[in-house]
Amino acid sequence: MLKEVKNKLGNPDDLISETMDNGYTKMEFCFFPGMCDINQVKNGILVPFSYRFDPDEFRRMLRADLAFIHADKPDEWASMLLKGCALLEYEGEVFAFGAVRRMQTKPDPTEVEASLQGPQSAYTEDLDLNLNLVRTVYNSTTLSVEWHQKDNIASQSRIMILYDREKANRDTVKEVRTQLDKVGKNLILGAGQLAKLMSHNRHRLFPVILLTERPDRTVMHLNKGKIVVMLDGSRFALLMPVRFFDFLSAMDDYYEPFWMSRFLIVLRYISMLLTLTLPALYISIVSYNPEVFRVQLAFSIDGSRAAVPYPSFIEVLIMLFMIEALIEASIRLPRFVGSTAATVGGLILGQAAQQAGLVSSIMIIVTSVVAISNFVIPNSTFSYFIRIIKYVFVAVSIFSGLIGVVVTLFMLIVYLCNMRSFGEPYFALFMNAKKHAGKDQTKPQKAG
Amino acid sequence: MVRFFYYHVIYVGMMNIMVLVPSMLISHRFNGAVSAMPIAIVSGTLFACVTSFCFQRFPGMGLPELYKRFLPRWLGIALNLLGAFAWATGGIIVLYSYSNTIGLFFNPETSPYINLAIMSAACIWAASRCSRSVQFTQEMLLILSSPVIFWIMFKAILSPWLDWDAIRVVAGRITEPPSVVPFFAATFVFSGYLNVTLFNRLTERGHRYKHLWIIPVFCSFFLLVSFFVPIGFHGTQAVGNYLYLWSVTMDCLIMKYGFIQRVLYLFLLLYTLLSLLFVMNTWHTAMEFVKACTRRYPPRPEQPEVPRINWYICTVFAVCTFGYAYMMNDLRNQMVSELWLIGRYFIELLLLLLVILFACLERKGVRRRPDPRPPTKNANGVPGP
């Protein structure tokens with residue numbers, strides 16, 4: 001066995017392979033110490049084989065213990081070793097001992113989707129622990145967990161499909177499976193990448209798959225009949241099909257008092273609209289239709305632009321470039337340098353640019369409103385998309401002013417209404433309310 | 001899904017301003033417009049209720065499917081093309097007059113063709129989507145814009161500058177015998193129900209057009225507002241001097257505390273959305289009617305991938321709009337829209353008779369072709385529970 005395994009793996013130096021002899025009998029034994037939990041290997045194999053050796057008991061242990069799998073196919077040996085098993089050949093038979101080293105033993109704290117009052121645990125990069133998190137909260141007999149095997153993936157990441165058998169739409173499940181089959185890339189490193197590969201059209205302007213690190217959000221969507229895809233090695237789960245409104249909801253909306261959560265939702269929609277249209281509106285008001293505003297306001301805007309020597313759109317483009325660069329820099333930089341970047345950027349954006357006559361003071365307000373409103377959007381993927389679409393509005397407003405902005409808004413709504421996420425409408429109102437009200441009544445949940 | 005039906009009813013009621021219904025009514029304000037209005041309310045409600053009631057018998061079927069079912073093929077094609085022509089011209093007239101209004105009030109320095117180009121590009125794009133997407137768009141935009149439009153309307157009605165005496169003077173002319181042209185114009189307000197001819201395709205079996213009382217209540221309100229409010233602001237005589245009657249009327253209102261002082265701009269921006277919606281709906285319907293003339297394109301209300309033919313047909317409409325814009329000026333456009341409003345009334349009458357005929361034939365079991373629908377199909381395109 002050892003020879004075959006070594007041949008297949010190209011005789012790597014980090015593989016421990018021994019032929020062990022305890023005085024009575026011999027055993028061939030190999031494992032990757034980096035992939036295996038050394039304590040488990042010691043307690044499960046080495047101790048029974050060496051100083052507690054009893055041939056009958058050892059044989060019985062190999063046959064009966066759940067950790068030992070009979071591995072009689074030589075093709076699978078190498079991949080078992082790579083997944084973290086220890087292989088041993090005893091009396092002509094080969095057994096695999098599952099001793100995968102778990103880096104994580106407890107859930108991570110939430111990092112991206114923080115919540116004030118909700119659960120604070122998030123997914124980890126270990127799929128089994130993630131499944132445990134889901135199963136603990138969604139303790140239902142109808143939860144289906146399917147292992148989606150893909151042979152052509154080099155990284156051999158495990159992919160799991162989760163859905164509620166009674167609530168999920170069969171056609172949608174089928175659609176998700178075909179989309180997963182279509183994924184051609186052979187190296188999947190993160191959930192975001194998988195989401196990108198699974199979306200029907202790469203050039204979409206809006207995401208059709210929601211990434212979340214929160215088990216409670218996952219479970220809520222499972223309960224709505226949505227489908228969840230989980231990937232080993234990623235701390236995000238993919239939820240589908242989703243709707244536009246799911247991206248603007250934070251889990252705190254379910255935990256906060258009614259009016260507070262409604263208020264926050266309205267705030268988010270207003271912020272989204274502001275961050276989308278404000279730079280474009282600035283251009284169209286300044287360059288095309290100053291008469292739309294009341295006279296005093298129009299004058300004060302124009303007065304603040306007195307020192308600015310170029311048309312409004314150049315001003316907007318300069319400021320938007322600066323703020324985008326600042327955001328990008330503060331995300332990628334290490335924490336210690338990050339605060340410096342923010343300070344420097346804040347100084348430039350705040351006062352210097354205006355005093356130098358490069359931009360007007362109203363434009364600085366516009367820029368900061370745009371940036372802050374963008375941060376209000378709870379989902380980071382979605383806020384990226386909104387950041388991009390903002391420039392479409394800017395481009396249109398340069399050429400056709402206020403009417404262009406309204407027409408573009410119309411086209412954006414048409415675009416959203418024509419989108420489907422895995423066959424279900426993406427941007428339609430009142431689609432689920434009735435269906436789920438009926439379901440909740442038929443299946444009362446028992447406490448405890 | 002009955003709410004989608006009423007979205008159309010309500011937005012067409014609001015749109016009457018853009019197809020110059022008020023100016024036609026007001027030009028006859030002393031000779032028969034007022035007395036024509038109650039008749040129009042009765043007639044419009046009757047048309048709407050009877051037609052939609054008859055369509056109830058044919059869930060999941062639009063007008064082209066009914067033609068296919070009961071009429072010889074050539075007649076069906078002729079009627080389809082007639083319908084497509086009526087719808088498409090409605091869209092073209094609105095697009096032209098609205099882009100003119102925009103040019104006048106927003107961008108007087110840019111070429112009118114640029115406004116027209118932007119708007120028709122948006123309309124081509126919107127109208128070529130599938131019927132279900134068009135309905136979603138309809139719902140979303142109407143829910144976004146109608147609260148503000150209602151607010152503006154009530155602001156106008158409750159304004160201290162509204163002269164109720166002038167309104168009373170004109171309303172007193174109800175004793176005059178009704179005249180024909182204002183009658184045709186006023187029935188347009190009730191024409192929103194015409195969307196059943198296409199969007200009935202999306203209805204399920206057992207679908208009922210409930211709450212038909214919405215039609216007379218809302219549409220009469222819109223009709224009265226769009227006729228009497230300009231009179232109240234401008235007086236009985238001066239009101240006849242304006243071509244862009246409602247834009248000028250809205251300029252009489254100011255918002256004391258807003259960023260925007262003149263209500264006119266808010267009004268025009270909202271009506272941009274509504275006009276685009278109107279053109280989207282009319283062109284989409286016309287496009288589907290044209291597609292129904294051939295056998296290659298069976299009705300598919302849910303089809304997010306847009307077939308190429310949709311683009312071609314809508315582009316033809318847009319090209320026609322440019323041709324129309326090249327030939328027209330404001331006065332000729334007013335004449336054409338009068339003609340269109342009159343012709344539309346007769347088409348509605350024809351539709352009413354046809355639909356009653358179809359309903360009777362269906363009851364007797366006379367049909368030329370068997371039922372093409374699959375046995376259970378609902379509007380969502382997913383198998384039912």
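The largest nonpolar core holds 198 residues, and Val228(A), Leu238(A), Phe410(A), Cys123(B), Ala186(B), Leu276(B) and Trp283(B) touch the most other members. A nonpolar core is a set of buried Ala, Val, Leu, Ile, Met, Phe, Trp, Tyr and Cys residues joined through C-beta atoms within 7 Å. Buried residues have 20 or more other C-beta atoms within 10 Å of their own, exposed ones 12 or fewer, and partly exposed ones fall in between; C-beta atoms are placed from the backbone. Helix H13 (residues 263-291) of chain B gives the largest share of this core, 20 residues. Domain 2 (108-241) and domain 3 (265-421) of chain A both contribute residues, so the core lies between them. The domain bounds come from an automatic or database domain assignment. Another core, of 21 residues, lies apart from it and includes Met80(A), Ala86(A), Tyr90(A) and Ala99(A).

The model is predicted: local features need pLDDT of at least 70, side-chain atom pairs count only at pLDDT 80 or more, and totals for chains, interfaces and linings use all residues. Residues are numbered from 1 along each chain as its sequence is written, and chains are lettered from A and ligands numbered from 1 in the order in which they are written.

In chain A, 5 strands form an open antiparallel sheet in the order S8-S9-S11-S12-S10. Strands (E, at least two residues) and helices (H or I, at least four) are DSSP runs, numbered from the N terminus. Two strands pair if DSSP finds at least two bridges between them. Strand S8 (143-148) and strand S10 (210-212) of chain A are at the edges, each with a single partner strand, so one side of each has no neighbour in the sheet. Strands S11 (residues 227-231) and S12 (residues 237-240) of chain A pair over 4 bridges. Met230(A) has Ala237(A) as its bridge partner in S12(A).

Helix H8 (residues 215-223) of chain A packs on this sheet and touches S8, S9, S10, S11 and S12 of chain A. Contact here means C-beta atoms, placed from the backbone, within 7 Å. Leu238(A) contacts Ala191(A), Leu194(A), Ala195(A), Ile209(A), Leu211(A), Val228(A) and Val229(A), leaving aside its neighbours within four places in sequence.

The contact between the chains takes 26 residues from chain A and 28 residues from chain B. Helix H15 (residues 380-417) of chain A supplies the largest share of the chain A side, 12 residues.

Cys49(B) lies in helix H3 (residues 33-55) of chain B. It has 17 C-beta neighbours inside 10 Å and therefore counts as partly exposed.

Key: Two residues are in contact if their C-beta atoms, placed from the backbone, lie within 7 Å. Axes are lines fitted to C-alpha atoms, for helices over the stretch in contact, and angles run from 0 to 180 degrees between N-to-C directions.
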